[in-house]
Amino acid sequence: MRIFQHVADIGDLNAALKEAQEVKRDRFQWQHLGKNKTALLIFFNNSLRTRLSTQKAAMNLGMNVIVLDVNQGAWKLETERGVVMDGDKSEHLLEAIPVMASYCDIIGVRSFARFESRKDDYEEAILQQFIKYSGKPVFFMESATVHPLQAFADLITIEEHKPIARPKVVLTWAPHPKALPQAVPNSFAEWMRAADVEFVVTHPEGYDLDPQFVGDARVEYDQMRAFEGADFIYAKNWSCPGVTRPDDYGKVLDDYHTMMDWTVSSRQMAVTNNAAFMHCLPVRRNMIVTDDVIEAPTSLVIPEAANREISAQVVLKRMLEAL
Ligand code: AN0
Ligand code: CP
């Protein structure tokens, strides 16, 4: 594997899930693969889980790891070609990428949506430059539009906890005070459509996800109806994707105080099939989900986060095997 961005990049999902379980059984059995190989993890945005779990996964494989927080200690980077660089940015991405690539074998990049231009975000302007100018395998650690390491960990978690062969999985929008990217729901939708599950998305009108990710999945604007009989509830806030309301791309459409009935609580969980609760974290309690739901025995948020080490290790392992 040279690029990890979309569900298609991982190939057969059952094979990937089997490999994840093999990694879980003994995560140190491939130390030879990563010997004298270096992973460079580049963060343009904050992270707790992605940073730690990916570092751990690389170490499990015997790799060396370098982590760079671009905004702490590196030069401020210009990303647009053609600008006269007379401002606060001292270095251009077009030099920085090949330089960084010269010190490593595999590159992971986190660069969130900037919400300045829907076109730039959805064309993956930053990550595409890493792919084009690094000459190295590149994996997405949450880009403008996708978070595949998260979606893969989510799928592993669902596989481990599903009560029936083909569970009902509901992705629900929930309120948040600030505008958040669509990367997590985009990838979750993309991966759930590829998996053997009954998939339903619920959100207020205006938050419709991009068709390239949500496809023909069932969309239900009535949250309570969507939750009926669900086996898994996957909560996440996202800002306006600009599909049905192009001028509102990246915005919070309504004051969150008026949207608090979307907060996942025991009221909605009561109509599910004793559903497990999932969220990628970090989560704002009593905005996205109430204390009692996230603390219930049916909450999977901690094992879900632990599976980030496993999804990252499968991806790094496959990239090492293809070097
Ligand atoms: C980010 C997001 O919503 O995309 C990262 C989630 C993994 N969350 C925040 O910025 C709070
Ligand atoms: N879920 C996730 O990617 O968390 P971090 O933003 O902390 O990496």
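Tutor: A polar contact is a pair of N or O atoms within 3.5 Å; within protein, one must be able to donate a hydrogen and the other to accept it, and residues adjacent in sequence count only if both atoms are side-chain atoms. This is a predicted model, in which local features need pLDDT of at least 70 and side-chain atom pairs count only at pLDDT 80 or more, while totals for chains, interfaces and linings use all residues. Residues are numbered from 1 along each chain as its sequence is written, chains are lettered from A and ligands numbered from 1 in the order in which they are written, and side-chain values use heavy atoms, with hydrogens and water left out.

Student: Which side chain does T172 join in a polar contact?

Tutor: The side chain of Q223, at 2.9 Å. T172 lies in strand 8, residues 168-173; strands (E, at least two residues) and helices (H or I, at least four) are DSSP runs numbered from the N terminus.

Student: Is T172 buried or exposed?

Tutor: Buried means under 20% relative accessible area, exposed over 50%, and partly exposed in between (1.4 Å probe, protein chains only). T172 has 0% relative accessibility and so counts as buried.

Student: How many residues of strand 2 are buried?

Tutor: 6 of the 6, residues 38-43, so strand 2 is largely enclosed by the rest of the structure. On one side lie T38, L40 and I42, and on the other A39, L41 and F43.

Student: Which strands pair with strand 2?

Tutor: Two strands pair if DSSP finds at least two bridges between them. Strand 2 runs parallel to strand 3 (residues 64-69), with 6 bridges, and V67 is the partner of L41 there. From strand 2 the chain passes through helix 2 (residues 49-60) to strand 3 in a right-handed β-α-β crossover; right-handed means that, with the strands pointing away from the viewer, the path from the first strand over the helix to the second runs clockwise. Strand 6 (residues 106-110) also pairs with strand 2 in the parallel sense, over 5 bridges, and G108 is its partner for L41.

Student: How many disulfides are there?

Tutor: A disulfide is a covalent bond between the sulfur atoms of two cysteines. The criterion is a pair of cysteine sulfur atoms within 2.5 Å, and the whole structure has 0. The sulfur of C280 is 19 Å from the closest cysteine sulfur, in C240, too far for a bond.
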